[in-house]
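Student: Please take one part of this model, the packing of its helices, and go through it closely. I would like the cut-offs behind each term to be stated along the way.

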Amino acid sequence: MVLMLTAHHGPAVSGAMNTIVATRAGKDLISSLAFGLLTIGSQFGGALDEAASMFSNARDTSLTPCEFVDQARKQNKFTGIGHKIKSINNPDLHVELMKEYVRKNFHSHSLLDYALAVEKGTAAKKDTLILNVDACIAVCFVDLLRDSVAFTPEEADEYIRIGTLNSLFVLGRSIGFIGHHLDQKRLRAPLYRHPADDIFITMADVSQPRVLGKMH
């Protein structure tokens, strides 16, 4: 489920775009894939471990969802909350599929329920402050580890700490990036050149240049 949800993505995100640019520059599969994967980090797909730790710690320390939101707002840190184009009224289908799967197949999903209670508070302030797919995968994976009785609490926490969740994203996105690479090769796409109107600065509308500093 996680691999299917993370493999599928359009070409506009940074990792896919980097893979496409490298491929169209004539690079081989491994080089193009590495170029795309190097963009994964806290701003793009590398926040699963952090989201898992953040929600787990909040619930484990008995923070209410409202207290969690207040604390995150004071720290200006909402890892796993927020989407550029999706909202509470236009939900991300990746998240909806994950929630549906977990509710149907997991005998317990307490951290997912906690995260959704947090989402109610954040979405009430702004409709795009919803649980994103990274955080949804993260909290569901924590529920799986902690409630499966296959792992001790210490083992479950260690799997989160060593980067297991981010590795799932990397693995899934690798499938998607390889698909982009093969598509560009199949289409015999030429060398990528960025549109000029997105680069050059026109001064036609600037009536008076700004003074950035003064020399004394």
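Tutor: A crossing of two helices is called left-handed if the near helix is turned anticlockwise from the far one by less than a right angle, and right-handed if it is turned clockwise. The model is a predicted one, in which local features need pLDDT of at least 70 and side-chain atom pairs count only at pLDDT 80 or more, while totals for chains, interfaces and linings use all residues. Residues are numbered from 1 along each chain as its sequence is written, and side-chain values use heavy atoms, with hydrogens and water left out.

With that convention, α4 passes α8 in a right-handed crossing, where helices are DSSP runs of H or I with at least four residues, numbered from the N terminus. The angle between α4 and α8 is about 60 degrees and their axes lie 8 Å apart, the axes being lines fitted to C-alpha atoms over the stretch in contact, with angles from 0 to 180 degrees between N-to-C directions. α4 and α8 are therefore oblique to each other, since angles under 35 degrees count as roughly parallel, over 145 as roughly antiparallel, 65 to 115 as roughly perpendicular and the rest as oblique. From α4, Leu48, Ala51, Ala52, Phe55, Ser56, Arg59 and Asp60 meet a set in α8 made up of Asp134, Ala135, Ile137, Ala138, Val139, Val142 and Arg146, contact meaning heavy atoms within 4.5 Å.

The buried residues of α7 pack against both of these helices, α4 and α8 (133-147), and also against α5 (65-75) and α6 (93-105). Those buried residues are Leu111, Leu112, Tyr114, Ala115, Leu116, Val118, Glu119, Thr122 and Ala123, buried being under 20% relative accessible area, exposed over 50% and partly exposed in between, for a 1.4 Å probe and protein chains only. The 16 residues of α7 (residues 110-125) should span 22 Å at 1.5 Å a residue, and the end C-alpha atoms are 24 Å apart, which agrees; the expected span is 1.5 Å times one less than the number of residues.

Phe55, named above in the contact of α4 with α8, also belongs to a cluster that ring pairs form with Phe68 and Tyr114. Rings of Phe, Tyr and Trp (its six-membered ring) pair if their centres lie within 6.5 Å, with planes under 30 degrees apart called stacked, over 60 edge-to-face and the rest tilted. By this rule there are four aromatic pairs. One of them is the edge-to-face pair of Phe44 and Phe169, at 5.8 Å centre to centre and 85 degrees between the planes. Because Phe44 lies in the loop between α3 (29-37) and α4 (48-60) whereas Phe169 lies in α10 (residues 164-186), the pair ties together parts 125 residues apart in sequence. Phe44 counts as buried at 12% relative accessibility, and Phe169 is buried as well, at 2%.

In the loop between α4 and α5 sits Ser62, which has a positive phi of about 65 degrees although it is not a glycine, and which counts as exposed at 60% relative accessibility. Within α10 lies Asp183, partly exposed at 34% relative accessibility; Asp183 and Thr23 are 160 residues apart in sequence but 9.6 Å apart in space, C-alpha to C-alpha.

Methods:
Helices (H or I, at least four residues) and strands (E, at least two) are DSSP runs, numbered from the N terminus.
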